[in-house]
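Dear colleague,

I am passing on a structure that you have not worked with before, and below it you will find an account of what was found in it. Please keep the structure open beside the text as you read.

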Amino acid sequence: LSYNLQVKMSTHLSLGFIGKVLLFKNCSANFMDSLSVLLREETFSPEEYVFRCNEMSREMYFVVSGYVESLNETEDGEVLESLMRPGDSCGDLSFFFGIRYINTVRVQAAGSAILF
């Protein structure tokens with residue numbers, strides 16, 4: 001497919017979701033088109049780890065469907081910090097600042113999750 005057709009297809013498939021992400025609320029249409037081409041969908045199984053604390057950050061994620069848990073690792077085990085829903089992002093601070101992930105993110109046990 002030509003690049004222009006790829007952009008149009010990607011935009012059509014993901015723009016509705018991207019527009020709901022708070023991080024991108026005031027971005028230009030050109031930026032949103034460029035971003036939609038870079039996104040790739042990943043499906044995670046229940047209780048599967050998206051990333052773990054102290055791993056090198058390579059990506060940030062956006063929850064498309066399902067729920068993921070942000071966990072703090074302590075000496076006593078993992079403690080739930082927050083529950084992320086569709087439209088939420090995770091790993092963004094680590095990604096933007098080029099640092100290791102500061103928490104662990106895992107798919108909730110109740111079901112699978114789709115992330116960009």
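**Strand β7 and its partners**

In this model, which is predicted, strand β7 covers residues 104–107, with Thr104 and Arg106 pointing one way and Val105 and Val107 the other way, and all of them are buried. Strand β2 (residues 49–51) pairs with β7 in the antiparallel sense over 2 bridges, and within that pairing phenylalanine 51 stands opposite valine 105. Strand β4 (residues 68–74) also pairs with β7 in the antiparallel sense, over 4 bridges, and here serine 70 has valine 105 as its bridge partner.

**Helix α2**

Turning to helix α2 (residues 29–38), you will see that Met32, Leu35 and Ser36 are buried. These residues are on the same side of α2, because they cover an arc of only 105 degrees around the axis. The buried residues of α2 pack against α1 (3–18), whereas the face turned away from the buried side carries the exposed residues Asn30 and Leu38.

**The largest pocket**

The largest pocket holds about 320 Å³ of space and is lined by 17 residues, of which Leu35, Leu38, Leu39, Met60 and Phe62 lie nearest its centre. The elements that give two or more residues to this lining are α2, β3 (61–65) and α3 (92–97), and α2 gives the most, with 4 residues. By type, the lining residues of the largest pocket divide into 12 nonpolar, 1 polar and 4 charged.

With best regards

Key. Residues are numbered from 1 along each chain as its sequence is written. This is a predicted model: local features need pLDDT of at least 70, side-chain atom pairs count only at pLDDT 80 or more; totals for chains, interfaces and linings use all residues. Side-chain values use heavy atoms; hydrogens and water are left out. Buried means under 20% relative accessible area, exposed over 50%, partly exposed in between (1.4 Å probe, protein chains only). The arc is that of the directions from the helix axis to the C-beta atoms. Contact means heavy atoms within 4.5 Å. On a 1 Å grid over the protein atoms alone, a cavity is a set of points where a 1.4 Å probe fits but cannot get out, and a pocket is an open set with protein on both sides within 12 Å along at least five of seven lines; lining residues have an atom within 4 Å of a point. Grid points are joined across faces, edges and corners, and a volume is the space filled by probe spheres set on the points. Ala, Val, Leu, Ile, Met, Phe, Trp, Tyr, Cys and Pro count as nonpolar, Asp, Glu, Lys and Arg as charged, and the others, Gly among them, as polar. Two strands pair if DSSP finds at least two bridges between them.
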